[in-house]
Amino acid sequence: MSAVNTPRIKGWCPGALRPMESGDGWVVRLRAHGGRLTQHQAAGIAAAAQAHGNGLIDLTGRANLQLRGVTPDSHGPLIADLRALGLIDADIAAETLRNIIVTPFASAETDALTAALATALDSSNLTLPAKFGFAVDTGAQRLLADTPADIRVERDTQGGLILRADGMATGAQVTARNAPQAAVALAAWFLSQGGAVGGRGRMAALIRRGIRPSDATRTPALTAPTPPPGPVPQGMLVAAEFGQISAPTLSALAETGPIRLTPWRMLLVEGAASLPDLPDLILNPDDPRLRLRVCTGAPGCPQALAETRAFARRLAPGMPPGRVLHVSGCAKGCACPTPADLVLVATPRGFRAIRDGLASGAALGHDLDPDRMPPLPELF
């Protein structure tokens, strides 16, 4: 791509107190405590998104919610409404540190461990990179192994708990009682070893440099596949088309039960045996849209060079079984940080195709006209 079309990498993620400007207004990201929302909180978020934004809510790959279309004038009233719901941290520093993803099928022990980790981080006075995060993945099998995180609390093959630095194949033995402080200590070790340069850095990059914790000897438990939408023992898992729902949809789900957030752009409605039939929800595990990774695109994102979602919706019926398609508005590839079977990246002239790679990868050939696309199976 030419320099004029090179996407701008900001190096940080939005929060509630520090929103990020986008093409459709400010993006306000909510980090629910423990990844859980009560019915009252979910209904309140829906009302606030409608009143102070454009009513669109993103489900992120870090198990957060993003409210879109917020303005400088509406941000203050939005924060006041969210603070009344118990969803706002004391300040930006506390909000940034509390970057914790929790297994959606958490036990009471996991919930307690997560709350203790949040408290330990809040009192740690650490200054970590804005994208540095923690995962609490303490089910019998790991569910978050492919979810971005720098420090992980997991089960080992013997059923105990381990603390694992991302990029390491093994972890150190911990207990539910000492895991929060051990995680904070590992984060401090990351900083002491030069893991954050200029305020940016990730644990896996430090490990690749050959700098590794010395006490990591325990093997983590096996990884379970991401569950499909549908019934689970805890309730109903429901996916959102392209990871976005409307405020009325969230309001309708809030009437059904408490909600747990997931990093799979799905919501777990606890205790639900069925869910309302709403157009932006996906309950069929065979729906081809589940294998589409699609960013906001233009005009919602100022860096996007084309509209993406209506385009992807047109392509969905032609998806080959079992294959993953990533449609990206620019070469950043925000919607899919891992390789996809096929990537279509917007350019000023159409879409370039990349096979088995990232949005920043090398194209297969000339740019494709979105109105004259060959059948998808020919590109995969």
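Tutor: Buried means under 20% relative accessible area, exposed over 50%, and partly exposed in between, with a 1.4 Å probe and protein chains only. This is a predicted model, in which local features need pLDDT of at least 70 and side-chain atom pairs count only at pLDDT 80 or more, while totals for chains, interfaces and linings use all residues. Residues are numbered from 1 along each chain as its sequence is written, and side-chain values use heavy atoms, with hydrogens and water left out.

A salt bridge here is a side-chain nitrogen of Lys or Arg within 4 Å of a carboxyl oxygen of Asp or Glu. The structure holds 19 of them. One joins arginine 68 to aspartate 58, at 2.8 Å from N to O. Arginine 68 is in strand 5 (residues 65–70) and aspartate 58 in strand 4 (residues 56–59), 10 residues apart; strands are DSSP runs of E, at least two residues long, numbered from the N terminus. Both arginine 68 and aspartate 58 are buried.

Arginine 98 and aspartate 89 form another salt bridge, with 2.9 Å between the closest N and O atoms. Arginine 98 and aspartate 89 are both buried.

A further salt bridge pairs arginine 289 with glutamate 241 (3.1 Å, N to O). Arginine 289 lies in the loop between strand 16 (281–282) and strand 17 (292–294), and glutamate 241 in the loop between strand 12 (235–240) and strand 13 (244–246), so the pair ties together parts 48 residues apart in sequence. Glutamate 241 is buried, its relative accessible area being 12%.

Finally, a network of salt bridges links Arg36, Asp111, Arg260 and Glu270.

Definitions and conventions: Helix = DSSP H or I, 4+ residues; strand = E, 2+ residues; numbered from the N terminus.
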